[in-house]
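Thanks, everyone. Please have a look at the model on the screen, and then I'll walk you through a few parts of it.

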Amino acid sequence: MSKNAAELEKAQSINEIAVDGFDHIEFYVGNALQACYYYHHGFGFDLVGYRGLETGDRTKVSYVLKQDHVYLILTGSLNATSDVAEHVHQHGDGVKAVGFRVRDAKGAYETAIARGAKCVGKPVEHKDEHGTFISASVQTYGQTVHTFVQRADYKGAFMPGFTAIHEKKGKSLGLAAIDHVVGNVEVDNLETWVKYYQDVFGFYVYQYFDASDISTQYSALVSKVMANKSASIKMPLNEPAEGKRKSQIQEYLDYYTAPGVQHIAIATRDIIATVGELRKRGIEFLTVPQSYYDELPARVGAIDEDLSKLAALGILVDRESDGYLLQIFTKPVQDRPTLFFEVIQRKGAKGFGKGNFQALFESIERDQAKRGNL
Ligand code: FE2
């Protein structure tokens, strides 16, 4: 039995909290208005909802952005003392909540609490003329939370309390769905968090990587991917491993000052078109040397895409037994070297681009060295 099958069997003995998929990602940011401009114009999201002073919210302001199945919420503070202000003060701009879409938010919450999760927000039923929306939140790594969202009976803009916006359509760049959300946790704490996702949510170890898979001369990491059985939720967890110099995971932890979300991977059906347009709009990506593309045909074999187009855009390719995947990583999207995005197109492959880790780490380290953090 493979290790994955063994883990799956084990997980099946724990009743999994039924999660349909990612619902949304909420960011706490220093200036939600300007962050909104970045995701609307840079990434092509529609601005679909707003909450703030005009809607009676006196302490926070939020913008909801949507592209196909991806919802992002950008929340800023209207004062110096809100939890948003405190979060931004500690961590800079970053992810506060990873929403899980469920059919029964109260049930999911009660199960999670009974299994040891810490409460962040008890179930609340929000109602307006568009229907009923139920949400509840539990703590995960660092100050990050998981919000259970039950929205099957809600037809309005995002959730009650938000006013719908219709005139701010972005030009869709093909960003279709959240593929996975990666967290960085403290050194020697990976197993604690793996156990947390197993015990509380009933998730299982979908894949794992150790330092022999992911290491360069300087940095190394250990990673385990937690997933639900349908694999609609995939959450890799990284911890720094021993290297000659500072691991990129440690650099993140130093600047975020806590565990947190390291990257959000968004799936597209045409990565060449998506990345071409993102680049035109000024979104910056990590680069790999031309030698990566010289070696690519021997490493991945025949692929449908034109290699010269991939090289021009800096898109990476990895082959696995079931197919291949194409992926690319942005540079950090805020002042601190913390959160970044990945754009991914899967053509059969179910993994995370292990074959690219080496090239990628070297690219990250080049930038880390420029920041004086290597
Ligand atoms: Fe990733």
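**A sheet, its helices and one threonine**

Strands β14 (residues 260-268) and β17 (residues 340-347) are parallel partners, joined over five bridges. Two strands pair if DSSP finds at least two bridges between them. Helices (H or I, at least four residues) and strands (E, at least two) are DSSP runs, numbered from the N terminus. Within this pair, Ile-266 is opposite Val-343 of β17.

A word on the source. This is a predicted model, where local features need pLDDT of at least 70, side-chain atom pairs count only at pLDDT 80 or more, and totals for chains, interfaces and linings use all residues. Residues are numbered from 1 along each chain as its sequence is written, and side-chain values use heavy atoms, with hydrogens and water left out.

Now the whole sheet. Eight strands form an open sheet with mixed pairing, in the order β11-β12-β13-β10-β14-β17-β16-β15. Why is one side of β11 and of β15 left without a neighbour in the sheet? β11 (204-209) and β15 (316-320) stand at the edges, so each has a single partner strand.

Next, helix α5. Residues 190-201 form α5, which lies across β11, β12 (220-227) and β13 (234-241). Its angle to β12 is about 5 degrees (axes are lines fitted to C-alpha atoms, for helices over the stretch in contact; angles run from 0 to 180 degrees between N-to-C directions).

Last, Thr-140. This residue sits in the loop between β7 (131-139) and β8 (145-150). Thr-140 counts as buried because its relative accessibility is 2% (buried means under 20% relative accessible area, with a 1.4 Å probe and protein chains only).

Definitions and conventions: Buried means under 20% relative accessible area, exposed over 50%, partly exposed in between (1.4 Å probe, protein chains only). Contact means heavy atoms within 4.5 Å.
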